[in-house]
Amino acid sequence: DIAGTEWEHACDGILVGKAAPGAQCREDWECTAANTCAIARNAVIGKCTTPSALNGPCRAPDLHLTPSKVCSPDTYCGADTCRRRDQEGEGCGPYSCAEGTFCQTGTHKCVKQLGAVGTKCSRHDDCALGLYCDVKVCAPQKNAGAKCLDSVECHGDCDKGQCIGRCG
């Protein structure tokens with residue numbers, strides 16, 4: 001998922017930064033927990049530092065492929081300044097929405113995140129990716145070999161009442 005919504009935290013807990021505040025760095029993951037790699041415009045090497053607070057200076061990573069740690073968790077980096085996160089119903093851009101919401105494609109407004117496992121639902125679209133609405137509750141999609149009635153229940157497809165993988 002090029003927008004980063006699926007893999008942005010895939011390596012959390014595996015890559016553990018060891019560079020202390022003030023040490024040189026090239027990427028956030030090189031710095032110790034809760035710190036970020038602050039790199040000046042047009043520079044390649046930066047220094048590990050504590051993320052900036054609201055209205056503090058920042059430099060957003062190129063292409064916005066993953067959310068940045070340059071600002072405190074309740075803010076995001078926009079136009080080189082840590083700004084207040086956009087609330088539900090407000091206009092938004094990459095990673096600007098408040099916790100529990102996301103920037104909806106097309107409307108460019110923050111909307112509530114889709115349901116997690118156990119969340120009440122009335123249709124499959126109410127549930128997050130990898131889940132489906134099973135008897136009005138979001139449930140994990142089934143693996144190959146499980147019984148099914150519809151492909152939406154499966155990680156792959158439903159064929160003759162059984163989940164099968166799409167890639168063989």
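1. Burial comes first. Of the 168 residues in this predicted model, 28% count as buried, where buried means under 20% relative accessible area, exposed over 50% and partly exposed in between, using a 1.4 Å probe and protein chains only.

2. A word on ground rules. Residues are numbered from 1 along each chain as its sequence is written, and side-chain values use heavy atoms, with hydrogens and water left out. Because this is a predicted model, local features need pLDDT of at least 70 and side-chain atom pairs count only at pLDDT 80 or more, while totals for chains, interfaces and linings use all residues.

3. Now to confidence. The mean pLDDT (the predictor's confidence in each residue, from 0 to 100) is 82 for the protein, and 85% of its residues reach 70 or more. Please read residues 1–9 with care: the pLDDT there is below 50, and this stretch has 14 contacts in the model beyond near neighbours in sequence, a contact being heavy atoms within 4.5 Å.

4. What does the secondary structure come to? There are eleven strands and zero helices. Both are DSSP runs numbered from the N terminus: helices are H or I with at least four residues, strands are E with at least two. Of the contacts in the protein with a separation of 6 or more, 16% are between residues 24 or more positions apart.

5. The structure holds ten of them, each a pair of cysteine sulfur atoms within 2.5 Å. A disulfide is a covalent bond between the sulfur atoms of two cysteines.

6. Start with Cys 31 and Cys 48, joined S to S at 2.1 Å. Their link is left-handed, with -85 degrees about the S-S bond. It ties together distant parts of the chain, 17 residues apart: Cys 31 is in the loop between strand S1 (24–25) and strand S2 (36–38), and Cys 48 is in strand S3 (residues 46–49). Cys 31 is buried, with a relative accessible area of 3%, and Cys 48 is buried with a value of 3%.

7. Which residues make up the largest nonpolar core? Six do: Ala 19, Cys 25, Cys 31, Cys 37, Ile 39 and Cys 48. Such a core is a set of buried Ala, Val, Leu, Ile, Met, Phe, Trp, Tyr and Cys residues joined through side-chain atoms within 4.5 Å. Leaving aside residues up to four places away in sequence, Cys 37 touches several residues, including Cys 25, Cys 31, Cys 48, Arg 26 and Val 70.

8. Next, Cys 97 and Cys 110 form a disulfide with their sulfur atoms 2.1 Å apart. The torsion about their S-S bond is about -95 degrees, so this disulfide is left-handed. Cys 97 is in the loop between strand S5 (81–84) and strand S6 (101–103), and Cys 110 is in strand S7 (residues 110–112), 13 residues apart. Cys 97 and Cys 110 are buried.

9. Last, the sulfur atoms of Cys 127 and Cys 138 are 2.1 Å apart in a disulfide. This disulfide is left-handed because the torsion about its S-S bond is about -90 degrees. Cys 127 is in the loop between S7 and strand S8 (131–134), with Cys 138 in strand S9 (residues 137–140), eleven residues apart. Cys 127 and Cys 138 are buried.
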